[in-house]
Amino acid sequence: MSGIETRRRHGVGESVLRPDGTLKVTGEFAYSSDLYLADMIWGVTLRSPHPSAWIRSIDIGPALAMPGVYAVLTHEDVPGAKFYGLDLRDQPVLAVDQVRYQGEPVALVAADHPERARRAAEAVVVEYEVREAVTDPRRAAFDASCPTVHESGNLVRHQPIRVGSAFEAPVVVTGEYEVGMQDQAFLGPESGLAVPAEDGGVDLYIATQWLHSDREQIAPCLGLPEEKVRLSLAGVGGAFGAREDLSMQVHACMLALRTGRPVKIVYNREESFYGHVHRHPARMRYEHGATRDGRLLYVRAEILLDGGAYCSTSPAVVGNAASLGVGPYEVDNVWIDAYGVYTNNPPCGAMRGFGAVQACYAYESQMDRLAEACGISPVEVRIRNAVSQGSVLATGQVIDSPAPLAEMLRELAAMPLPVQNVPDTPDVPDLLNMPGGVSQTTHGEGVRRGVGYGVGIKNICFSEGFDDHSTARVRVELIGGEPHVLVHTAAAEVGQGLLMVQEQIARTELGIDAVTVAKADTSVGSAGSSSASRQSYVTGGAVRAACEAVRERLAKLTSDGSSLVEALERAGAVEETREYRHRPTFPLDPLTGQGDSHTQLALCVHRAVVDVDVELGLVKVVELAAVQDVGKIMNPLALEGQIHGGSAQGLGLALMEEIQVRDGLVLNPSFTDYLIPTILDMPPMRLSILEYPDPNAPYGLRGAGEPPTLSSTPAVAAAVRAATGLRLPRVPIRPHDIALEG
């Protein structure tokens with residue numbers, strides 16, 4: 001047996017190869033944009049050029065008259081409910097009487113060629129009456145004279161946290177911080193194929209994060225019962241939260257049902273920037289009070305999150321930012337106000353870290369200021385205030401599983417630092433390791449090194465009383481005379497390695513090597529969203545429970561001494577379906593913010609080492625080091641990849657990633673102008689992965705995908721501050737922030 005085949009026999013805890021991995025690296029994997037049917041036609045969306053305007057008229061006649069055009073649809077053609085949304089049904093399928101952001105869908109076109117469809121969309125004549133756009137989130141939240149984006153007002157959610165009453169201290173540090181609008185920047189743009197069915201329904205093959213939520217929103221808009229809207233997961237080219245909301249799902253289905261033909265929609269890169277939600281930009285004010293030796297006495301904070309034009313997941317993002325707003329630190333007195341507001345800026349929703357990222361940047365910046373004010377090291381101030389098992393969070397929730405933060409910080413600080421870049425000869429430095437690289441902006445002059453630390457705490461799974469569960473169907477049968485396991489869930493594989501984890505669990509629980517994971521679709525019960533670092537926990541728990549039920553039945557069938565093969569020959573297939581739910585959570589009190597809102601919490605700590613050309617503002621990240629507790633390592637190689645990937649997105653937010661929005665208009669909707677880290681930007685990483693099992697979780701695991709994104713951003717920013725001596729209160733830190741301020 002080959003080495004690869006041997007490795008594939010392994011179960012939980014082994015670096016098993018991903019079943020989709022080889023296909024992806026060889027280019028053979030079929031993504032949703034590769035979908036094809038011989039008789040399909042193409043759909044295109046016409047979008048608003050204005051962030052705020054009334055629609056006075058729409059003339060589709062010129063588009064319909066063009067050759068090759070099958071249909072042109074507006075809001076009047078929506079067969080059912082005209083609005084959809086994840087938390088609140090406030091987003092129109094197609095704009096009805098107004099548009100609230102640049103890029104809002106106004107009309108749809110189906111044609112026999114994508115270029116014909118695009119030209120037809122351009123031929124639709126829309127008369128707009130442009131009005132004042134609400135683009136300042138502070139004005140939207142607090143200025144009574146500000147126009148309202150929705151009739152309900154501009155406030156999506158206000159969540160206070162109120163603990164204690166002593167807000168005086170001998171040492172006080174304050175700061176105002178800002179986080180720019182980050183894009184998920186997945187490489188596979190939104191795409192899918194809708195196929196009309198003989199029963200009057202529709203089959204949708206779609207790249208998404210949450211099949212059942214999509215169906216719950218799509219079916220009412222189509223005027224169809226859910227059983228006539230069948231979704232199957234197509235190949236997903238990355239997600240990171242942006243595929244939780246609908247994009248082209250309803251549009252493709254509407255066109256397919258209207259024309260009676262399969263309809264494919266594929267966004268180009270610019271349209272993708274308009275077609276999905278982004279990370280909420282944030283403006284934050286913090287005040288920390290402490291003893292002279294750096295022990296926290298109180299924290300005050302105001303966290304203002306710009307949700308853009310529609311609700312999406314803003315209420316949950318606000319809840320996370322508020323409940324985790326002081327970080328993983330013990331403090332008896334807390335006064336936090338977290339707000340989410342509507343504006344006419346691009347809609348914002350889920351992105352890796354989900355509200356905790358923004359707060360983390362602010363509270364970690366404050367911890368560095370506190371260390372400076374008290375004359376102690378950044379590591380020591382964090383150790384002195386670190387939570388541990390038994391600590392009480394600002395929400396009153398007790399941490400009832402291991403939280404070895406002090407140990408993690410000590411281990412991180414003890415890791416060796418990288419060697420300073422020394423030239424081979426005095427006048428010839430290694431340019432690849434210099435800020436600016438081979439562009440030769442420097443040969444070492446003006447380059448200073450900095451070291452910074454960051455700590456993050458992230459909730460795992462859905463919180464605040466959400467019915468968070470997953471369903472798994474497991475079947476054991478003989479194929480070719482040998483036992484074979486089929487695992488079927490609706491959990492979306494979005495690149496995180498979930499197919500592999502399901503295989504590993506089935507092998508571990510059933511002891512059968514041959515395992516196949518069926519394509520995710522809506523013919524099995526919901527698995528929830530591939531977000532919140534929850535799928536290994538919740539779908540893993542469901543697969544494990546279904547396997548246990550199958551194992552019990554197989555044990556009875558073989559209790560007479562017969563072999564598994566003999567038992568299956570007699571009984572046929574053995575199949576069980578199970579739902580798995582984590583322990584209950586509860587909404588935060590709307591006045592005090594108290595409540596056991598989270599089921600699990602995860603910690604990650606980072607150290608960043610940077611070289612900065614302080615004259616030109618160029619930054620080279622020399623090394624990232626991270627320590628993370630994951631409870632149980634399900635797959636070591638895949639886990640390392642998750643930590644590397646999360647760290648890369650945090651680095652991007654720290655130094656380069658931002659959707660530039662001016663007066664509601666997106667200025668950089670392309671990968672030419674929206675910069676993401678490449679392999680040349682990512683430094684070597686040192687990792688230490690701890691395993692302190694959570695007794696409440698399957699296998700003791702702790703969701704691991706999001707925490708590295710939190711702590712890497714403030715670590716990189718702190719390192720740049722250390723190198724430059726500048727405050728740098730905003731991320732991403734841009735070259736002119738360093739060069740001009742310096």
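## A buried charge without a partner

Asp214 is buried, yet it has no salt bridge. The nearest side chain of opposite charge belongs to Arg243, and it is 9.5 Å away. A salt bridge needs the nitrogen and the oxygen within 4 Å. This is a predicted model.

What does the side chain of Asp214 make a polar contact with? It pairs with the side chain of Thr208, at 2.7 Å. Leaving aside residues up to four places away in sequence, Asp214 touches Thr208, Leu231, Glu244, Leu246 and Gln249.

Asp214 sits in helix H6, which runs over residues 211-222.

H6 is mostly covered, with 10 of its 12 residues buried. Among them are Leu211, His212, Ser213 and Asp214. Arg215, Gln217, Ile218 and Ala219 are buried too, as are Cys221 and Leu222. What covers these buried residues? The cover includes strand S4 (83-84), strand S12 (202-206), strand S13 (229-233) and helix H7 (249-259). After H6 comes Gly223, whose phi is positive, near 70°.

## Helix H12 and its buried face

Helix H12 spans residues 405-414. Its buried residues are Leu405, Met408, Leu409 and Leu412. Seen down the axis of H12, these residues fall within an arc of 95°, so they line one face of the helix.

Which elements cover the buried residues of H12? They include helix H11 (378-385) and strand S18 (447-460). Strands S23 (600-613), S24 (618-629) and S27 (685-690) are also part of the cover.

## Salt bridges across the chain

How many salt bridges does the structure hold? There are 44. One of them joins the side chains of Arg583 and Asp400, at 2.6 Å from N to O. Arg583 lies in the loop between strand S22 (574-581) and S23, and Asp400 in the loop between H11 and H12, so the pair ties together parts that are 183 residues apart in sequence. Arg583 has 28% relative accessibility, so it counts as partly exposed. Asp400 is partly exposed as well, with a relative accessible area of 36%.

Another salt bridge joins the side chains of Glu706 and Lys458, at 3.3 Å from N to O. This pair also links distant parts of the chain, 248 residues apart. Glu706 is in the loop between S27 and helix H17 (707-724), while Lys458 is in strand S18. Are these two residues buried or exposed? Glu706 has 6% relative accessibility, so it counts as buried. Lys458 is buried too, with a relative accessible area of 1%.

## An exposed pair and a network

Asp560 forms a salt bridge with Arg570, and their closest N and O atoms are 3.6 Å apart. Asp560 lies in the loop between helix H14 (535-557) and helix H15 (564-571), and Arg570 in helix H15, so the pair ties together parts that are 10 residues apart in sequence. Both Asp560 and Arg570 are exposed.

Some salt bridges share partners, and these join Arg18, Asp20, Lys24 and Glu493 into one network.

How values were computed: Residues are numbered from 1 along each chain as its sequence is written. This is a predicted model: local features need pLDDT of at least 70, side-chain atom pairs count only at pLDDT 80 or more; totals for chains, interfaces and linings use all residues. Side-chain values use heavy atoms; hydrogens and water are left out. Helices (H or I, at least four residues) and strands (E, at least two) are DSSP runs, numbered from the N terminus. Buried means under 20% relative accessible area, exposed over 50%, partly exposed in between (1.4 Å probe, protein chains only). Lys and Arg count as positive and Asp and Glu as negative; His and the chain ends are not counted. A polar contact is a pair of N or O atoms within 3.5 Å; within protein, one must be able to donate a hydrogen and the other to accept it, and residues adjacent in sequence count only if both atoms are side-chain atoms. Contact means heavy atoms within 4.5 Å. The arc is that of the directions from the helix axis to the C-beta atoms.
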